[in-house]
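Please look over the sequence and the model shown below before reading on. The report that follows takes up a few local features in turn.

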Amino acid sequence: MELAFALAIGALTASGVYLLLRARTFPVVVGLTLLSYGVNLFLFSSGRLVSGGQPIIGSTAAYSDPLPQALVLTAIVIGFAMTAFVVVLALRNLADNDDDHVDGRQSGTDSKLDSAEEVTGK
Amino acid sequence: MSLPLVVLLPFLGALAAPLFAQGGRTAIAIAASVPALIALAALYPHWQTLADGGVVLHSYPWLPQLGLSFSFRLDGLSLLFALLILLIGLLIILYARYYLKPQENVGKFYALLLCFKGSMLGIVLSSNLLLMMIFWELTSLTSFLLISFWTHKQDARRGARMALAVTGGGGLALLAGILIIGNIVGSFELDAVLAAGDQIKAHSLYPVALTLVLLGAFTKSAQFPFHFWLPHAMQAPTPVSAYLHSATMVKAGIFLMARLYPALAGTEQWFYMVSFTGMATLLIGAYVAMFKHDLKGLLAHSTVSHLGLITLLFGMGTQLAAVAAVFHVINHAIFKASLFMAAGIIDHETGTRDMRRINGLWRYMPHTATLAMVAASSMAGVPLLNGFLSKEMFFAESLQLNLPGIWAWLPPLVATLAGIFAVAYSARFIHDVFFNGKPVDLPIYPPHEPPRYMKIPVEILVFACIMVGVFPALSVGPLLYAAASATLGGEVPEYHLAILHGFNLPLFMSFAAFFGGLLMYSQRQRFFDFHARFREIDEKAVFEATVSRIASLATRFTGHIENGSLQRYAGLLVISVLAVAIAPLMNLGVFVGESGLSPVDWPTLIGIGILILCALATAALHRERFYALVLLSVVGLMVALGFARFSAPDLAMTQLSVEVVTIVLLMLALFYMPSWTPIESSTTRRLRDIAIALAAGAGMTVVTLAMLTQPFASISEFFLANSKPGGGGTNVVNVILVDFRGFDTLGEITVLAIAALGIYAMLKETALTPPPGDGLGHRWTRDAYPLMLRQIARPMLPLALMVSAYIFLRGHNLPGGGFIAGLITAVALILQYIASGMIWTQDRVPFRYHNMVGLGLLFATIAGVGSYAFGYPFLTSTFDYISWPIVGKFEVASALVFDLGVYLTVIGATLLALVSIGRLSPHSAIKSKKEGA
């Protein structure tokens, strides 16, 4: 079981990292999401893989470790907030540059006027 | 209390003094004198203790964990330096009153001067090495500001920068040295360090510590080869030079050597490093001083030379040499300060400092000339003046050095040679300036005597020169004894302060130096011609070139790494993580720990298989953005199932609801974005990225496997044991969130709120027109809000709200809680937006999500602060059982209020983000308005 779980985390990481290295914003956002799944699962699994040991007092004989669960719970929510933030950053980039490249407008088409507009936020 | 007061008063004075600048130079000079006068009065009562060899300690804890304390120590040595700093400081204040012009920024000058004085007093009075280090750096900074006081002069700015770079760099070395010493001794308190001298010297790190400390001392005290900053610092106003570069700042390094003398001195390393550095500095400074045409340049090099002399004396390692060194510190401060002041007067009255133009001033300012001539004679070592006494001791000590064989001749030879140079440049200072024909086109002509009071500080110092020279035992005897005793750790050797010790070898060396010097000066033209054959190195140019070379290297390096490409940054980040992790990971290999693998079951294996497949497919099909998104949602669902499978119901519920929101969010974003990612990277690049990604994935797999199969001990036993009795809930995860680690959660929902507000702010003024179709030739459907969806969505809302209320309330005891309930509510509301449009929903949701976010944070904070009212620390929770009819007996925990805050923040933040994106397109807003109407 542990091996399968580890492979799942590895697959999430590999896919996430590959997408992270792409040149367009959307794949990068998707990659970050995959990566955060992987990280969450990893953090969660630091409490080891326990079957039927939900940390509800009185519901079972042995409990799984509640601490990583609590940490991951907030990590999931904050991960969402960060994904939303990055998505919006990508949208703003699209709105300002008419392009969804991660580096903003391509250097070839850059001009002083445009960068001045960027500063004032259009 | 009096010692910290002595140190802190000047800083307070620095704040107050500029207020007096309006009242003119006299007012501010008087105001600036107050801290020193109070300090002198505060030090006076301690004299009797110190004269008996006692020590006054005032200590207050500051950061005991770091070994840093606010402790001050007064003994003979620190008293000597404190008196030099305070008394010469007073004279400088008076002198500067007349030196500065009324239109100059007098307030700034005095404020800086006082700051410097405070820092300097801090160095000499600190009893904690770390505390001393703080003041040490403060002197570097304040002296930088003082040297560059005339900020309009480029030379002044550059000179200041050079001084800061050299002394600041030395300061870093010193800090490292002090840390090592503190580590060896186990304390940074001076008492402990001084008592642990043998322990330090026996330690294997002693040579390192010694070198680092000496680097600090040598840079500060302008020792060869770091001496070059001092002459360039002469761009400072003359009162600054007279104060910093004769009596105080450059003596800080000397002080350090004296202070740590019992702890560090007495070894071979000390002897060779200190004495040879001192010898080189002594000779080079004295030699170069002869050829300087600039009055202050001559004095600066002479200062370098005298500092070398003192260093050499400390390096010799004998007790008598240390006494002589302390004695020369006093004498040099006195005559050099007066000479700088005299040079300043001449500069002030003639408008130049070039000795080729200043001649024959005797006729114009006989009074100043007399004073300067006495001081210069003291510098040369003429009998009956103070300089003679300590120089005589120096000559005597140079004969006592037991170097092997022919080398025994070296110290006396160097001493005599330096003595000859000293007499020659002193003679030049006297003859070239005050005699030697007529002035050559002076900017101010004719020069005349300065204001009466400007001469008073010089007179006082020159009087001191004579007093010490004629009645040494009477004037400085007790102070010197106290200082020497403190330097040597209480063992003062027999020494005798007298004008004449009989006709012996040192006296002969003095005479040789005196006549040799006069002879040399009379033949100066030959030496000038000889010296002119060598090209002089302009240290400033070298320094500037080095600085700009380093800067351009750094720029190039930065430009190489930071080229504006996010792809490159991300790549570098991952690669560097791999680079760090690769060796340990290789060692680890496919490692299965003691716990071994647990058996697999088919459903789980299939689930994990789907997860892996979909994750890889997401990456493989990422160009088709919509497909990638669908696959991503499958991955998310599988993750949620995985949480459920492995005993984390709370996580499963959270992941499930977050998944819905995330996918809606990404769909919404995709609406505005191209639906297709073009191929941009070359095949090689993609292959490279695949390799990086696979390496990262393999690394994570290996690490996870190793971790999962290791037995572990967790701190969670505490949470499990205390959840019910302490937190009043059986759902331990929720109790951790709202109770045990409530403060963390408060921080986390704050992050959530900030992210949501950031999103709102980023999109507030932005408009985006979505493409007309999905990019594959299909236009968007005209039926924006399908009837069926609308009909189903509307009754869903109250149901969903009910469920979320239930989940919220039971959260303390069963899976659920504020986070999950908030997400469920958010999903229900989002469904309304999707089904019925922005305007329709907005009309029916009568509040702004900003307020909701704020309200949520407020609730959470109130729940935390509320516990103060009952005398408990922040975020202490309590609970009780109440019974209601029908519902029965149930439990109410104060943490519920906190969880309500979490609930509200989550709803507000989620919707604020999504609605901000939904509102982006003006097109859809108009359309939805039509629909809604």
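## A hairpin in chain B

In strand β2 of chain B, B:Leu74 is the bridge partner of B:Val56. This strand, β2(B) (residues 68–74), runs antiparallel to β1(B) (residues 56–63), and seven bridges join the two; strands pair if DSSP finds at least two bridges between them, and both helices (H or I, at least four residues) and strands (E, at least two) are DSSP runs numbered from the N terminus. Four residues lie between the strands of this hairpin, in which B:Gly67 takes a positive phi near 80°.

The model is predicted, so local features need pLDDT of at least 70 and side-chain atom pairs count only at pLDDT 80 or more, whereas totals for chains, interfaces and linings use all residues. Residues are numbered from 1 along each chain as its sequence is written, while chains are lettered from A and ligands numbered from 1 in the order in which they are written.

## Where the chains meet

The contact between the chains takes 78 residues from chain A and 101 residues from chain B, where two residues are in contact if their C-beta atoms, placed from the backbone, lie within 7 Å. On the side of chain B that touches chain A, helix α31(B) (residues 683–708) gives the most, with 14 residues. That side divides into 65 nonpolar, 28 polar and eight charged residues; Ala, Val, Leu, Ile, Met, Phe, Trp, Tyr, Cys and Pro count as nonpolar, Asp, Glu, Lys and Arg as charged, and the others, Gly among them, as polar.

Helix α1(A) (residues 2–20) packs with helix α28(B) (residues 602–620) at an angle of about 10°, their axes being 8 Å apart; the axes are lines fitted to C-alpha atoms, for helices over the stretch in contact, and angles run from 0 to 180 degrees between N-to-C directions. The two helices are therefore roughly parallel to each other, a term for angles under 35 degrees. Their contact includes A:Phe5 and A:Tyr18 of α1(A) and B:Ile608 and B:Thr618 of α28(B), and its residues divide into 15 nonpolar, two polar and no charged.

## Buried residues of chain B

B:Ala415, in helix α20(B) (residues 410–434), counts as buried because there are 26 C-beta neighbours inside 10 Å; the cut-off for buried is 20 or more other C-beta atoms within 10 Å, with C-beta atoms placed from the backbone. Leaving aside neighbours within four places in sequence, B:Ala415 is in contact with B:Phe394, B:Phe395, B:Ser398 and B:Met509.

In helix α34(B), the buried residues include B:Gly742, B:Glu748 and B:Leu763.

Key. Parallel < 35°, antiparallel > 145°, perpendicular 65-115°, else oblique. Buried ≥ 20, exposed ≤ 12 C-beta atoms within 10 Å, placed from the backbone.
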